[in-house]
Amino acid sequence: MMVRTLLIRGMLVGFLAGILVFSFAKVFGEPQVDHAIAFESAMDEAKAKADLERGIHDVEEPELVSRKLQASYGLLTGVMVYSTAFGGLFALVFSYANGRMKSTDPRVVSVLLAITGIIAVYVVPSIKYPANPPSVGNPDTIGMRTELYFIMMLVSLLGMIAATMLQGRLRQQYNAWTATYLAGACYILIVFTTGELLPAVNEVPSNFPADLLWNFRIDSLGMQIIMWTTLGLGFGAFTEYANRNRFGYRNGANIQLNGVTTRKCI
C-alpha cells in the first residue's frame with residue numbers, strides 16, 4: 001500500500017513536471033528546432049538544385065506528420081508521458097532508498113535522488129553524446145546513435161548505483177567525506193573508461209550555426225533541470241506533508257513499531 005501511494009504521488013509530480021517542461025520547451029526549445037529545420041530545408045533545396053542541373057530529379061518524400069502537429073500535440077504527448085514515467089520510477093527508487101540513507105527527512109532524500117538522477121541519466125551521457133536538433137545527423141545512423149546513447153546512460157546509471165553502495169561500505173572504515181570522494185572517483189573512472197571505449201559520433205555539418213547548436217543544447221539541459229528539480233523538491237515536499245498529517249511528526253522522524261525503530265513514509 002505504501003509503495004502504491006508513493007508511486008501515484010510520483011506520477012502526479014511527474015505530470016506536474018511535464019506541464020512545466022512543455023511550457024519551457026514550447027517557448028524556448030521549439031524556435032531552435034524551427035531554425036534547425038529551416039537550415040535542413042535550405043540544404044535540401046541546394047542539393048536538389050545541384051542534382052537538377054546534373055539531370056537528376058529527386059522525389060520529394062511526403063510529410064507524414066505536419067510540423068504544426070509535432071510542435072503541439074506531439075510535443076505535449078511525448079513530454080507528459082516521459083515526465084510521468086520518470087515520476088513513477090523516481091517514486092520506486094525513493095521507496096527503496098528511504099530508510100537506507102542517513103537522513104530521515106524525505107525532502108533531503110528526494111533532493112539527493114534528483115541530483116544523482118540527473119547526473120547519471122542525462123549529464124554524463126550527454127557529455128559523450130550531446131543532444132542535437134532533430135534535423136542534424138544521418139538518418140541511416142539514428143539506430144546506432146540511439147543504442148550508443150542508451151549504453152552510455154545504462155553504464156552511468158549502474159555505475160552510480162555501484163558507487164552509492166560502495167560509499168555505504170566505505171563509511172564503515174572512513175568518514176563520510178572520504179567515503180564519498182572515493183566512491184565518486186570510482187564512478188568517474190567507470191564512466192570515463194566507458195566513454196573512451198565507445199565510438200565518437202559527430203555528424204553535425206561543418207556549416208551548421210554554432211549558436212543554434214549551443215542554444216538547442218542549453219534548452220535541452222534546461223528541460224531536464226526543470227523536470228528533475230520538480231521531482232526532487234515536489235515529491236519530497238508532498239511526502240513530508242503526508243507524513244506530518246498522518247503520523248503527526250516532522251522530518252520523517254523515527255517511530256517505534258513492536259519495539260523496533262524504523263522510518264516510514266506514506
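Q: What is a salt bridge?
A: A salt bridge is a side-chain nitrogen of Lys or Arg within 4 Å of a carboxyl oxygen of Asp or Glu. Side chains of opposite charge can pair when their charged atoms come close. The model here is a predicted one. In this model E203 and R145 make such a pair, with 3.3 Å between the closest N and O atoms.

Q: How accessible are E203 and R145?
A: E203 has a relative accessible area of 25% and is partly exposed. R145 is also partly exposed, at 21%. The cut-off matters for R145: buried means under 20%.

Q: How many salt bridges does the structure hold?
A: The structure holds three. One of them joins R107 to D105, with the closest N and O atoms 3.0 Å apart. Another brings together the side chains of R244 and E240, at 3.5 Å from N to O.

Q: Is R107 buried or partly exposed, and what about D105?
A: R107 is partly exposed, with 32% relative accessibility. D105 is buried, at 12%.

Q: Where do R244 and E240 lie, and how are they separated?
A: Both are in helix α6, four residues apart, which means that about one helical turn separates them. R244 is partly exposed, its relative accessible area being 29%. E240 is buried, with a value of 1%.

Q: Which elements make up the chain, and in what order do they run?
A: The chain has six helices and two strands. Read from the N terminus, the order is α-α-α-α-α-α-β-β.

Q: What share of the residues of the chain counts as buried?
A: Of the 266 residues, 35% count as buried. D105 and E240 are among the buried residues.

Q: What can be said about contacts between residues apart in sequence?
A: Take the contacts between residues at least 6 apart in sequence: 79% of them join residues at least 24 apart.

Q: What is the accessible surface of the chain, and how much of it belongs to carbon and sulfur atoms?
A: The accessible surface comes to about 16,300 Å². Carbon and sulfur atoms account for 66% of that surface.

Notes
Residues are numbered from 1 along each chain as its sequence is written. This is a predicted model: local features need pLDDT of at least 70, side-chain atom pairs count only at pLDDT 80 or more; totals for chains, interfaces and linings use all residues. Side-chain values use heavy atoms; hydrogens and water are left out. Buried means under 20% relative accessible area, exposed over 50%, partly exposed in between (1.4 Å probe, protein chains only). Contact means heavy atoms within 4.5 Å. Accessible areas come from the Shrake-Rupley method with a 1.4 Å probe; for residues, only the protein chains shown count as cover.
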